[in-house]
Amino acid sequence: MSRGVIFIERDGALIQAVGENVALQDLRLLPDVVPALKQLRDAGYELVMVANRDSATEFLLALFSSQGAPFEAVYGASALPDPVDTRIDGTRASAETWPQI
């Protein structure tokens, strides 16, 4: 049984903040992120990544899953029906930006 859901920002919480259109070889996991994610999963929490859905996110989803720390879902600005100028760095984290949460 799930104890709850934890929303985790991709840039700055899982990987070093890299901005947009980053090459996969430039991604850097933050220290101890995989063991921490596994501890959360083992404690019964579901993991949701907050990020734009791009190749870096897809790569990280596969990586974390292969290490026993799969994410249940990804939520971010790319899920919105109309393009808007959104940033995950907190400049527009509002109901307008994140209606699905």
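Buried means under 20% relative accessible area, exposed over 50%, and partly exposed in between, using a 1.4 Å probe and protein chains only. Keep that scale at hand for the tour.

This is a predicted model, in which local features need pLDDT of at least 70 and side-chain atom pairs count only at pLDDT 80 or more, while totals for chains, interfaces and linings use all residues. Residues are numbered from 1 along each chain as its sequence is written, and side-chain values use heavy atoms, with hydrogens and water left out.

**Stop 1**

Select residues 4-9, strand 1, and 73-75, strand 3. Strands here are DSSP runs of E with at least two residues, helices are runs of H or I with at least four, and both are numbered from the N terminus. The 3 strands make an open sheet, ordered 1-2-3, with parallel pairing. Two strands pair if DSSP finds at least two bridges between them. Strands 1 and 3 are the edges, and each pairs on one side only. On average, neighbouring strands are turned by 35 degrees against each other, direction ignored. Axes are lines fitted to C-alpha atoms, for helices over the stretch in contact, and angles run from 0 to 180 degrees between N-to-C directions.

Which residue of strand 3 does Val48 stand opposite? Pick Ala73.

**Stop 1: the helices**

Select residues 33-42, helix 1. This helix packs on the sheet and touches strand 1 and strand 2. Contact means heavy atoms within 4.5 Å. The direction of helix 1 makes about 135 degrees with that of strand 2.

Move to residues 55-66, helix 2. Helix 2 lies across strand 2 and strand 3, running at about 160 degrees to strand 2.

**Stop 2: the core**

Show Leu14, Leu37, Met49, Phe64 and Phe71. They touch the most other members of the largest nonpolar core, which has 18 residues. Such a core is a set of buried Ala, Val, Leu, Ile, Met, Phe, Trp, Tyr and Cys residues joined through side-chain atoms within 4.5 Å. Helix 1, strand 2 and helix 2 each supply at least two residues. Helix 2 gives the most, with 4 residues.

Centre on Phe64. Is this residue buried or exposed? Phe64 is buried, because its relative accessible area is 0%. Beyond its neighbours within four places in sequence, Phe64 has contacts that include Leu29, Val33, Val34, Ala69 and Pro70.

**Stop 3: the aromatic pairs**

Rings of Phe, Tyr and Trp (its six-membered ring) pair if their centres lie within 6.5 Å; planes under 30 degrees apart count as stacked, over 60 as edge-to-face and the rest as tilted. How many aromatic pairs does this rule give? The count is 2.

Select Phe7 and Tyr75. Their pair is tilted, at 6.3 Å centre to centre and 40 degrees between the planes. Phe7 sits in strand 1 and Tyr75 in strand 3, 68 residues apart. Phe7 is partly exposed at 41%, and Tyr75 is partly exposed at 27%.

Phe71 is buried, at 12% relative accessible area.

**Stop 4: two loop residues**

Find Asp32, in the loop between strand 1 and helix 1. Asp32 has a positive phi of about 60 degrees, although it is not a glycine. Its relative accessibility is 61%, so Asp32 counts as exposed.

Finish at Asn52, in the loop between strand 2 and helix 2. Asn52 is partly exposed, at 29%.
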